[in-house]
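I opened this structure to look up a few things. My entries follow in the order I made them.

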Amino acid sequence: MSTNSSTPAAPQDVVPSFNVYVIIGPVVVGALVNACLFGGLVIQTYIYYVNFRNDHRVMRLTVAAILASQVAHVMCVSATLWKAAVSGYGDPLTLLVFPLGADAAILFTAITGALVESSFAFRLWKLSKTLILPIISLVLCLLAQCIALVMTVKAFAMTSLVIFEIDENRLITLSLTSRLVCELTLTLSMVWYLRKQKSSTRFLRTTTIIDRLVLWTLETGFLTSLVVVLVMSFFLAMKQNYIWVGIYANLATVNANSLLASLNGRLILRGVPNVSLNMNTLSSSGERGRNTQSVVINVTQSVESAPGVLKYNDEGVDESLGSRD
């Protein structure tokens with residue numbers, strides 16, 4: 001992925017053996033999968049804005065920023081595909097360094113990761129009422145994204161991918177490890193506090209909803225963690241090919257889809273009668289003019305007659321996770 005238009009010259013000992021199946025193949029497959037995931041993200045974003053118009057403006061702006069970052073990201077991945085399969089066809093040396101599109105994709109992966117993981121960290125804070133785990137998660141998130149920004153700068157300046165992978169091996173591994181630990185910390189912590197709150201309620205509907213939220217949290221959290229594990233495993237074991245690059249191209253889009261899936265999951269819970277689910281992440285004011293009896297957790301069982309929904313709205317905030325009525 002060269003920063004120059006000319007084919008880079010490199011010593012023979014740093015030119016990897018060229019195998020189209022593990023060099024160009026992963027780039028093509030990764031780009032196609034990324035395009036599909038991006039399409040799913042666009043649909044999820046549309047569903048979100050149509051159905052949750054009253055969500056807090058910060059959450060709506062966060063979703064917009066994630067979509068904008070992903071638009072840029074999919075363009076970078078597409079440019080990488082073009083370089084690998086079209087403009088560089090027949091000349092393996094063009095893949096001796098990252099294309100410019102791949103260099104830029106690292107930046108947008110970092111931006112998306114910061115937005116998504118900070119949103120989950122803030123949700124964890126509102127759920128747990130403690131600062132320790134959310135702060136640890138944010139520190140790990142910032143560490144991973146700052147390293148990614150440094151890697152972006154170095155990637156633009158690289159002259160050989162093989163030398164780059166060797167010289168920056170520790171930095172890349174630290175970035176991926178920090179991101180993995182952050183993902184696992186967020187996922188397992190939210191599951192722990194949800195299960196803890198479940199034990200304090202006697203409402204059947206509430207426990208059922210909590211079980212659903214636990215399952216969704218595990219699914220979205222572990223899926224992103226799995227992608228990170230695959231990237232790190234192939235990077236450490238097979239630096240000489242592009243398999244890890246093809247997987248890494250989908251990390252940001254999987255991350256973005258996980259957040260949108262979490263937000264849109266509230267639609268499934270709207271049909272549950274007499275249950276008010278609160279998972280907002282912003283500051284609160286008390287309910288006005290209502291007499292309700294609630295078990296205040298991430299999921300709130302209410303005796304109101306109107307069915308409740310999982311809210312991130314802008315009009316009043318419950319003390320559990322910031323949902324307003």
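Entry 1: I began with Ala 31, which counts as buried because its relative accessibility is 8%; buried means under 20% relative accessible area, exposed over 50% and partly exposed in between, with a 1.4 Å probe and protein chains only. The model is a predicted one, so I note that local features need pLDDT of at least 70, side-chain atom pairs count only at pLDDT 80 or more, and totals for chains, interfaces and linings use all residues. Residues are numbered from 1 along each chain as its sequence is written, and side-chain values use heavy atoms, with hydrogens and water left out.

Ala 31 sits in helix H1. Helices here are DSSP runs (H or I, at least four residues), as are strands (E, at least two), numbered from the N terminus. I then looked for partners of Ala 31 beyond four places in sequence and found contacts with Val 77 and Leu 81. Contact means heavy atoms within 4.5 Å. From Ala 31 to Thr 80 I read 8.3 Å, C-alpha to C-alpha, across 49 residues of sequence.

**Entry 2: cysteines.** How many disulfides does a search of the whole structure find? It finds 0, taking a disulfide as a pair of cysteine sulfur atoms within 2.5 Å. Cys 36 is exposed, because its relative accessible area is 62%. Cys 76 is buried, at 10% relative accessibility.

**Entry 3: a loop lysine.** Lys 129 lies in the loop between H3 and H4. Its phi is positive, about 65°, although Lys 129 is not a glycine. Most residues other than glycine have a negative phi. Lys 129 is also exposed, with 52% relative accessible area.

**Entry 4: cavities.** I searched the whole structure and got 3 cavities of 30 Å³ or more. On a 1 Å grid over the protein atoms alone, a cavity is a set of points where a 1.4 Å probe fits but cannot get out, and lining residues have an atom within 4 Å of a point. Points are joined across faces, edges and corners, and a volume is the space filled by probe spheres set on them.

The largest cavity has a volume of about 410 Å³. Its lining has 30 residues, and Phe 98, Ala 102, Ile 106, Trp 244 and Tyr 248 are the closest to its centre. H4 gives the largest share of that lining, 5 residues. By class, I noted 22 nonpolar, 7 polar and 1 charged residues in the lining. Nonpolar covers Ala, Val, Leu, Ile, Met, Phe, Trp, Tyr, Cys and Pro; charged covers Asp, Glu, Lys and Arg; the others, Gly among them, are polar.

Conventions. 1 Å grid on protein atoms, 1.4 Å probe; cavity = no way out; pocket = protein on both sides within 12 Å on 5 of 7 lines; lining within 4 Å.
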